[in-house]
Amino acid sequence: MLTAVLAFIAVALVLTVSPGPDTVIVLRTTIASGRGAGSLAGAGVILGCYVWGIATALGLTALLAASDLAYTAVRIAGAVYLTWLGARALWKSRSGSATRREQPEGEPVTGAWKVMRTGFVTNLLNPKVGVIYMTLLPQFVPHDAAVLPTTLLLVTVHGLLGAAWFVLVVWAAHALRGGLSRPSVRRLTERLTGLVFIGFGIRLAAEAR
């Protein structure tokens, strides 16, 4: 078991730091609303990984690999969601709401569940996560080990690596937040992240099966 976990750590580390919508949503949320909100978005992403992990242990993610219809349905839903996030960011930059009052540090995050839900849904509507989990996790489950507990252990390892990565992202974004707080820079940041989300959405929609 120890050998399997150590081997998985090396693979999971590469997956964690690979650029994708999850990292972008944490980065954008931190810049817009502070460290607390960015951390909640990261927690939502990690919660989504647990859902994918449980689905993998139960054999549900195999449906994504076996069924073109299931994979396409999740893929299109994810593409629409990412495109909507991008369009909303562009609209905020246009309407000037991107320059609204920032979330004060140390105060409870306004709309905490909404922030966490955004990270959760962003992860859950990415079928690539499900396919990666389905093809990757079983390889690190020893033959004599219980599938569900071992899978959850591996997801927890991935979640801890993800949490450490998001802490770095949140603190880096927070360090830059002062320089990004000027209205013109905030609008530009919203436009750039909006375009990035739309790009992710288009790429996901156009991705070959």
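## Helix axes and the overall fold

Axes here are lines fitted to C-alpha atoms, for helices over the stretch in contact, and the angles between N-to-C directions run from 0 to 180 degrees. With that in hand, take helices α1 and α8. Their axes lie 9 Å apart and pack at an angle of about 40 degrees. That angle makes α1 oblique to α8. The crossing of α1 past α8 is right-handed.

This is a predicted model. The protein chain holds 9 helices and 0 strands. Read from the N terminus, its elements run α-α-α-α-α-α-α-α-α. The chain has 209 residues, and 44% of them count as buried.

## Helix α3 against α8

Helix α8 also meets α3, which covers residues 35–57. The axes of α3 and α8 come within 9 Å and cross at roughly 160 degrees. Angles over 145 degrees count as roughly antiparallel. So α3 is roughly antiparallel to α8. Here, too, the handedness can be stated: α3 passes α8 in a right-handed crossing.

A side-chain contact comes next. R35 lies over the face of W171. The distance from the ring centre is 4.4 Å.

## Helix α2

Helix α2 runs over residues 21–33.

Burial is the next point. Of the 13 residues of α2, 11 are buried, so the helix is largely enclosed by the rest of the structure. The buried residues are P21, D22, T23, V24, I25, V26, R28, T29, T30, I31 and A32. L27 also belongs to α2. L27 has 36% relative accessibility, so it counts as partly exposed. Its C-alpha atom is separated from that of T193 by 9.2 Å, though L27 and T193 are 166 residues apart along the chain. After α2 comes G34, with a positive phi near 100 degrees.

## An aromatic pair

A pair of aromatic rings is described by the distance of the centres and the angle of the planes. How many aromatic pairs does a search of the whole structure find? The search finds 2. One of them joins F8 and F140. The rings are 5.5 Å apart, centre to centre, with 70 degrees between the planes. This pair is edge-to-face.

Where do the two partners lie? F8 is in helix α1 (residues 2–17), and F140 is in the loop between α7 (127–136) and α8 (147–177). The pair therefore ties together parts that are 132 residues apart in sequence.

## V147 in helix α8

V147 is found in helix α8. Its relative accessible area is 44%, so V147 is partly exposed. Which residue lies 89 residues from V147 along the chain, with C-alpha atoms separated by 8.7 Å? That residue is L58.

## In brief

The chain is built from 9 helices, with 0 strands. Helix α2 is largely enclosed by the rest of the structure. F8 and F140 form an edge-to-face pair.

Methods
Residues are numbered from 1 along each chain as its sequence is written. This is a predicted model: local features need pLDDT of at least 70, side-chain atom pairs count only at pLDDT 80 or more; totals for chains, interfaces and linings use all residues. Side-chain values use heavy atoms; hydrogens and water are left out. Helices (H or I, at least four residues) and strands (E, at least two) are DSSP runs, numbered from the N terminus. The expected span of a helix is 1.5 Å times one less than its number of residues. Buried means under 20% relative accessible area, exposed over 50%, partly exposed in between (1.4 Å probe, protein chains only). Rings of Phe, Tyr and Trp (its six-membered ring) pair if their centres lie within 6.5 Å; planes under 30 degrees apart count as stacked, over 60 as edge-to-face and the rest as tilted. A charge sits over a ring if NZ of Lys or CZ of Arg is within 6 Å of the ring centre and within 35 degrees of the ring normal. Angles under 35 degrees count as roughly parallel, over 145 as roughly antiparallel, 65 to 115 as roughly perpendicular and the rest as oblique. A crossing is left-handed if the near helix is turned anticlockwise from the far one by less than a right angle, and right-handed if clockwise.
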